[in-house]
Amino acid sequence: DVTRDFVTVEDVAAAVAALAAEPRNFGQVYNICSGVEFLLRPLVEDMIRWSGRDIRLNITSDRLRPGEMPRFVGDTERLRAAGVTIPPPDFSQVLPAILAG
């Protein structure tokens, strides 16, 4: 039941190219993120459903990391100030593409 900020490889590549094309960005540090967090459990459940396989999700408490951050989402302020935005992924397209692999 943790959240994460996801971006697609294509969007990261476009953001890096846009940042690199602008000399004022040289030497700056940017957080490449969408600023939108997604619950992992529904994404895993969607992957299981789209796989067409009979898979059961079992959470084993002794395998959970004690220092796990329950919420992980990026701050887009500097990225937006540089004129770059990254949309959150459309998992209805991304997950089937991953499974088709």
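**Notebook: ring contacts and salt bridges**

I began with Y30 and found R78 over the face of its ring, 5.4 Å from the ring centre (a charge sits over a ring if NZ of Lys or CZ of Arg is within 6 Å of the ring centre and within 35 degrees of the ring normal). The model is predicted, so I note that local features need pLDDT of at least 70 and side-chain atom pairs pLDDT 80 or more, while totals for chains, interfaces and linings use all residues. Residues are numbered from 1 along each chain as its sequence is written, and side-chain values use heavy atoms, without hydrogens or water.

**Confidence**

I looked up pLDDT, the predictor's confidence in each residue, from 0 to 100. The protein has a mean of 91, with 100% of its residues at 70 or more. Among its elements, α4 has the lowest mean (85) and β1 the highest (97); helices (H or I, at least four residues) and strands (E, at least two) are DSSP runs, numbered from the N terminus.

**Aromatic rings**

F6 and F91 form an edge-to-face pair, 5.7 Å centre to centre with 90 degrees between the planes. F6 lies in the loop between β1 (3–5) and α1 (9–20) and F91 in helix α4 (residues 91–100), so this pair ties together parts 85 residues apart in sequence. I then checked accessibility: F6 is partly exposed at 28%, whereas F91 is buried at 12% (buried is under 20% relative accessible area, exposed over 50%, partly exposed in between; 1.4 Å probe, protein chains only).

F38 and F91 also pair edge-to-face, at 4.9 Å and 85 degrees. F38 is in strand β2 (residues 37–39), 53 residues from F91.

**Salt bridges**

I recorded 5 salt bridges (a side-chain nitrogen of Lys or Arg within 4 Å of a carboxyl oxygen of Asp or Glu). One of them joins E37 and R71, with the closest N and O atoms 2.7 Å apart. E37 lies in strand β2 and R71 in strand β3, so the bridge ties together parts 34 residues apart in sequence. E37 is partly exposed at 29%, and R71 is exposed at 54%.

R49 and D46 form another, at 2.7 Å from N to O. They are 3 residues apart in helix α2, about one helical turn. R49 is exposed at 53%, but D46 is buried at 19%.

Definitions and conventions
Rings of Phe, Tyr and Trp (its six-membered ring) pair if their centres lie within 6.5 Å; planes under 30 degrees apart count as stacked, over 60 as edge-to-face and the rest as tilted.
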